[in-house]
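Q: I have a structure here that I have not looked at before. Can you walk me through it?
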Amino acid sequence: MTTHGTVRLSDYEGSWLVLFSHPADFTPVCTTEFIGFAKIYPRMQERHAELLGLSVDSVSSHIAWVRNIEEKTGVRIPFPVIADSGREVATAYGMVMPGESKTETSRCVFFIDPRGIVRAMIYYPLTTGRNMDEVLRVLDALQTTDAHRVATPANWRPGDAVILPVPATVEQAEERVASDGECTDWYLCTKKIG
C-alpha cells in the first residue's frame with residue numbers, strides 16, 4: 001500500500017523507475033531528501049522516469065508527513081510512498097542494513113529500467129543525504145548508454161563525450177584508431193553524440 005493507493009512494480013513497465021528508501025518519516029535528512037526528490041520529479045518525468053519512495057512507516061505516517069512537508073515548506077510530494085511495515089520489499093531489495101539499524105531502511109536508490117531490471121544501485125549511510133544531481137546524472141547515463149550502445153566516463157554529464165565500446169579484434173582496434181573518434185589509444189576512444 002502507498003500514499004497513492006495500491007501500486008505494483010508492473011505498473012511502471014515501459015518507463016524507468018527510481019525506487020528509493022528512507023529511514024523514517026518526520027526526520028530531518030529524509031525531509032530534505034523528499035523536498036529534493038519533489039523538485040527534480042518534473043525533470044525525471046521528462047526522462048520518462050517515475051519516483052517511488054519506501055520506508056517501514058505506516059501509510060498514515062507517510063500521509064501525515066507528506067502533508068506536514070507541504071504545510072511547513074510549501075513543497076508538495078507528487079510521487080507515492082510505500083508503507084513497508086512488514087519489511088517485505090526492503091528485505092527483497094537489501095534496504096535494511098543490520099550494522100546501521102535493525103528497524104530502519106537505509107538510504108538506497110534503485111534505478112529500474114523499462115523491462116523491470118535493476119540497472120544501478122546507490123547506498124548512503126543514515127547520516128548522509130543523497131545528491132539529486134547524481135540521481136539525474138546516473139539516470140541520464142543509463143539512458144544514453146542504452147540508446148547509443150556506449151559507456152560514460154567518470155564525471156560524465158549529458159553533452160560530454162562518451163566512450164566507444166572496446167574493439168574485439170586487432171583489425172577492429174586498427175580501424176578504431178583511424179576512426180572519427182578521439183582516441184588516446186586503441187582501447188580508449190571517445191566521441192560526441194547527438
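Q: What is Ser 61 in contact with, leaving aside its neighbours within four places in sequence?
A: Ser 61 is in contact with Asp 25 and Phe 26. Contact here means heavy atoms within 4.5 Å.

Q: What kind of model is this, and how are residues numbered?
A: The model is predicted, and local features need pLDDT of at least 70, side-chain atom pairs count only at pLDDT 80 or more, while totals for chains, interfaces and linings use all residues. Residues are numbered from 1 along each chain as its sequence is written, and side-chain values use heavy atoms, with hydrogens and water left out.

Q: Back to Ser 61. Which side chain does its side chain make a polar contact with?
A: The side chain of Asp 25, at 2.8 Å. A polar contact is a pair of N or O atoms within 3.5 Å; within protein, one must be able to donate a hydrogen and the other to accept it, and residues adjacent in sequence count only if both atoms are side-chain atoms.

Q: Where is the place of Ser 61?
A: Ser 61 is in helix α2. Helices (H or I, at least four residues) and strands (E, at least two) are DSSP runs, numbered from the N terminus.

Q: And Ser 60, where is that found?
A: Ser 60 is also found in helix α2.

Q: Is Ser 60 buried or exposed?
A: Ser 60 counts as exposed because its relative accessibility is 55%. Buried means under 20% relative accessible area, exposed over 50%, and partly exposed in between (1.4 Å probe, protein chains only).

Q: Which other residue has a positive phi although it is not a glycine?
A: Arg 87 has one, at about 60 degrees. Arg 87 is in the loop between β3 and α3 (88-92), and with 26% relative accessibility it counts as partly exposed.

Q: What about His 22, buried or exposed?
A: His 22 is buried, with a relative accessible area of 0%. Its place is in the loop between β1 and α1.

Q: What does His 22 touch?
A: Leaving aside neighbours within four places in sequence, His 22 is in contact with residues including Cys 30, Phe 34, Leu 54, Asp 57, His 62, Trp 65 and Arg 130. Its side chain also makes a polar contact with the side chain of Ser 55, at 3.5 Å.

Q: Changing topic, which residues touch the most other members in the largest nonpolar core?
A: That core has 31 residues, and Phe 34, Phe 37, Met 44, Leu 51, Phe 79 and Phe 111 touch the most other members. The elements giving two or more residues to this core are β1 (16-21), α1 (28-46), β2 (49-55), α2 (59-73), β4 (107-112), β5 (118-124) and α4 (132-148). Helix α1 gives the most, with 8 residues.

Q: What counts as a nonpolar core?
A: A set of buried Ala, Val, Leu, Ile, Met, Phe, Trp, Tyr and Cys residues joined through side-chain atoms within 4.5 Å.

Q: Which residues is Phe 37 in contact with?
A: Apart from neighbours within four places in sequence, Phe 37 is in contact with Phe 20, Leu 51, Phe 79, Arg 130, Met 132 and Val 135. There is also a second, separate core of 12 residues, which includes Leu 54, Met 95, Val 96 and Cys 108.

Q: And Gly 74, buried or exposed?
A: Gly 74 is exposed, with a relative accessible area of 59%. It is in the loop between α2 and β3 (81-83).

Q: How many helices and strands does the chain have?
A: The secondary structure comes to 5 helices and 8 strands. Along the sequence the pattern is β-α-β-α-β-α-β-β-α-β-α-β-β.

Q: What share of the chain is buried?
A: Buried residues make up 43% of the 194 residues.
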